[in-house]
Amino acid sequence: MNVSQATAHLGQSTRNGLRSLTDGWTIASFVIAALVAIPILTVIGLAISPEESIWQHLASTVLPRYIRTTLGLMIGVGIGTLIIGVGTAWIVTTCNIPGRRIFEWALLLPLAIPAYVIAFLYTDILEFAGPVQGALREFFGWVTPRDYWFPEIRSLGGAILMMTLVLYPYVYMLARAAFLEQSHGVLEVSRTLGRGPWRSFFNVALPLARPAIVIGLSLVMMETLNDFGTVDFFAVGTLTLGVFDVWMNMNNVGGAAQIAVLMLFFVMFLIGAERFARRKQRFHHTTSRHKNLPRRDVQGWLGAGAFLACLLPLFFGFLLPVGLLINGALGHFGEAIGGNFLASAGNSLMLSGLAAVFALAVGVLLAYGLRLRGGNFLTGVTRFASLGYAIPGAVLAIGVIIPLAWLDNSIDAVARQEFGVSTGLILSGTIFALVFGYVVRFLALAVGAIEQSLGRITLNIDGVARTLGASSSNILMKVHLPIIRGSMLTAALLVFVDGMKELPMTVIMRPFNFETLATQVHQFAAAEQFGQASPPALAIVATGILPVILLSLAITHSRFFSGRSSEDQG
Amino acid sequence: MTRVTKVKKNGLIAAVAIGAVVSSAVLASSAVQAAEEVNLYSYRQPFLIKPFLDVFTKQSGIKVNVVYAKKGMLQRLKAEGRNTPADAVLTVDISRLNALANAELLQPIKSSVLEKNVPAQYRHPDGLWFGLTTRARVVYAHKTRVKPGEVASYDDLAKPHMKGRICTRSGKHSYNLSLLASIVAAKGEQAATEWARAVKANLARRPQGNDRAQVKAIKEGICDVSLGNTYYMGAMATNEKKPVQKTWAAAVNVLFPGQSDRGTHVNISGAAITEHAKNKANAIKLLEFLSENFAQKMYADQNFEYPVKAGVAWHPLVASWGKFKADKINLNKIAKYRSTAAKIMDRVDFDG
């Protein structure tokens, strides 16, 4: 076997004594994690002092429905993304199907499409007046909606479908990376021992890929939980809608924060349960003998099925929506370019780019801090700091605004007192504040990608490097970073692509006269002017395509890098 | 080895670039303080208000800077405290103005121009906020399927003859909440709850979409009547970019409920000046400008809203729906009962 199950705890040799407490890495990790955790703590702080208790009212009225709907949505999207994500990842990794090389990267493309955009596009074609029902009516001679039954797109099922279509790439991406890193040998052994291809998949490949798949799935879950745009548009009453209802309609931001915190606990419970189930199992590559998984030829019905299984998510998650967007944008390109389209695009690129760089830096620091020390405390703080992804963006924005404004006002107060001048708001309402907000919101993406990649590097490498006298930072710079740079790229690109789509935080926290592509889409879509909303939406998608292709390359090459490094080290 | 130094070098470049961007952003934001200008937090979409603001800048030489957001403005203003850059707030719905006033984020304004142009019922008694336009919450009714007299009041929507014939957007949308709050104010919480429950039982489909989508549903035969704000009718009937919306508008009549009792529910869009406004004089100028003939006419012509200033002509299309009796209820009561209305909607599970 070239994969071993290492039960030794990470960095045990260096965790003895007081050294670990005063160690630079630990302190740096802790400080950064604490900074990122401040907005989340602020939201919890808000929850402690609600304007009025909402629970009795909620529990006796809509709470059961909110919870039922939320669970339904999460389970639905979870199962959907799991089947599509893992299934397509396995097919493109192990089957020879036509267009496999294209599918490898193209299956990631739906990631570039915001869920709120795909929701309004599909509503347009699937509702009563849309072309699909129109054609059916024409064909069957129906006239009114009472003549026939057609599934309602604005429903829980519709929301599950929309989110599954744009979120499955998270699972696909991480599952594929994991499958690629599995070596031929393991499956060979499995097959030699008499397991068929299906059983080998379920008994060997899937369990080995489980940590990666779970990270992908938890990203999906968090994004599903924090979504507002889609569920609002479809009028599907989830807990997130409840958050905004209590906040905006009952003027009770504390009560809203309470629901958000309840949702957080929910996510923490899910992640905790999975980690407990997996406990201390860790999987590392311990040999340099890496051979690609063998690709089988699939023919006949099986082959056609495999091909379709890859084509359909791509078609419905990307090709069709983009076609509709282009169609909708026709005739509106002129006015789009004439407006502040270019400035918006520039702002989007700058914000997402900065957020990607910072989130990457923070992610590497935290993930490596965990690898080095991995004490319960530091682990807890890091996990906590990554929870921003599960909080609805608008609520998290309030969590960012309050401490930043407090800091600004405190500096101002001191300056007024000591020097008689007002410094005003230094950070609030600036691009810095927004980038900080993005990092808080998207850190889970960066930490997740880097941690799972670092986790697969055998600890023997650290041991060897340490024996040779290298310091922690030295090992990181010279050994780990080169090995995981594929995953670093993945982390940065994920944050970038999500940053391009980010809406609620940007809207609330932005400086004066500041638009991004997403806010442009929003202001027109909110007025149901989809024509004008299409060009900026298309620009978000177009900007996302290149990073997504890079992402795919990064994944393909990450295996190459770790394989080669193993050789170097071995 | 070379790879590592490259990583370091790239990191350094990135850090320098970030530093440059951040510091320029900080500089840019402090530069906002310098020239003649006014800073606006707006709940109204930029493309709606930009034409007004451009004219204001041209006439007065005062530049208008805008942040547009629907959620979180109150919390942002509150957190920014005395250092907030915002001078004025532009919003729709009385409840938002009222929430800002209750949070003590607004300052009272004395302006003879505003007091002359804005009728007393559409402004705060102490001048904390001023209404700029009104919009009525009306019933859109199919031209032939709804017989004259079938829907003469909001109460009629709750009667058995409307079973399966009503469409509406979410009961939790602020427009519906304000309507329900006006019913709470007029008839009490119990009666309002019964009304909401009965309307819910009469719905043709689960509440969804916006006000326009309901008119579309009437056109398609899903339902016969819907609740909607008046200006949407204007926007649909004159929509050259999406001419299909003209056919939706053509399918319905505008009915003003309650003409024989308390009148049709109206709400306002309005503006206010923040407690810590740095450019207070400019902000007052902006509000006064928005209350004068030119801007009032623009609101009427472009957005199909009712100007608050007496004597300003309505858009011909709006005028064609006729004059109507508006519910004279004190707007503050609508804001006061909004939370009650939201809870009633939960109790009858209106959106479920």
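Start by selecting chain B: of its 352 residues, 51% count as buried (20 or more other C-beta atoms within 10 Å of the residue's own, with C-beta atoms placed from the backbone). This is a predicted model, in which local features need pLDDT of at least 70 and side-chain atom pairs count only at pLDDT 80 or more, while totals for chains, interfaces and linings use all residues. Residues are numbered from 1 along each chain as its sequence is written, and chains are lettered from A in the order in which they are written.

Switch to cartoon, and chain B shows 15 helices and 9 strands (DSSP runs: H or I of at least four residues for helices, E of at least two for strands, numbered from the N terminus). Its C-alpha atoms fill a box of roughly 80 × 60 × 40 Å along the principal axes.

Now show both chains. Here 52 residues of chain B are in contact with 52 residues of chain A (C-beta atoms, placed from the backbone, within 7 Å). Helix 1 of chain B gives the largest share of chain B's side, 10 residues.

Next, move to chain A and select residues 115-126 (helix 6) and 156-181 (helix 8), whose axes come within 9 Å and cross at roughly 135° (axes are lines fitted to C-alpha atoms over the stretch in contact, with angles from 0 to 180 degrees between N-to-C directions).

To finish, show side chains: Ala115(A), Ile118(A), Ala119(A) and Tyr122(A) of helix 6 meet Met162(A), Met163(A), Leu165(A) and Val166(A) of helix 8.

Terms used
Two residues are in contact if their C-beta atoms, placed from the backbone, lie within 7 Å. A residue is buried if 20 or more other C-beta atoms lie within 10 Å of its own, exposed if 12 or fewer, and partly exposed in between; C-beta atoms are placed from the backbone.
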